[in-house]
Amino acid sequence: LDLDPTLPPILAIKQDIGRILLNLINNAFYAVYDEDKRVAESGIKTSYIPTVIIRTKSIKNNLGLIEKAEIRVIDNGAGIPDSIKDKIFQPFFTTKPSGQGTGLGLSLAYDIVTKAHRGELRIEDTEKGACFVVILPVK
């Protein structure tokens, strides 16, 4: 955890935000577990350490007032190929094997953040892994 101690309360329905974070964190855990398994099965000894980071920070406006909260869920799994980044928030799209994902988690998270909470949900590139960014208005 890397939490911003200056972050004020956000304008949100806590059950919705809880579901979104649970989904993003579960996806991150799945990604690092899958990468750890892939690395182990390769037979090549590596120093791979599965890592998931939750980071928050305040976003200030031009006047220096905090107007938004940023939540990042970062993992060092295999990452998200560029070829599917534009599909990742579509309903029923999943990269998981059959029976392990419905493809609704990120789609619902996107709708909840952008429509119900007037926020933003996006993917950012990392050197290795994935980074999902949730931006929400503060009180």
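Buried means under 20% relative accessible area, exposed over 50%, and partly exposed in between, with a 1.4 Å probe and protein chains only. The model treated here is predicted: local features need pLDDT of at least 70, side-chain atom pairs count only at pLDDT 80 or more, and totals for chains, interfaces and linings use all residues. Residues are numbered from 1 along each chain as its sequence is written, and side-chain values use heavy atoms, with hydrogens and water left out.

**Exercise 1.** Describe the secondary structure of the protein chain and state what percentage of its residues is buried.

*Solution.* Step 1: assign helices (DSSP runs of H or I, at least four residues) and strands (E, at least two), numbered from the N terminus. Step 3: of the 139 residues of the protein chain, 32% are buried.

**Exercise 2.** Determine where Glu70 is placed, whether Glu70 counts as buried or exposed, and which residues Glu70 touches.

*Solution.* Step 1: Glu70 belongs to strand β2, which covers residues 66-75. Step 2: Glu70 counts as buried because its relative accessibility is 5%. Step 3: with contact defined as heavy atoms within 4.5 Å, and leaving aside residues up to four places away in sequence, Glu70 touches Arg55, Thr56, Lys57, Ile59, Arg122, Val133, Val134 and Ile135.

**Exercise 3.** State what share of the contacts in the protein chain between residues at least 6 apart in sequence joins residues at least 24 apart.

*Solution.* Step 1: select the contacts between residues at least 6 apart in sequence. Step 2: of these, 60% join residues at least 24 apart.
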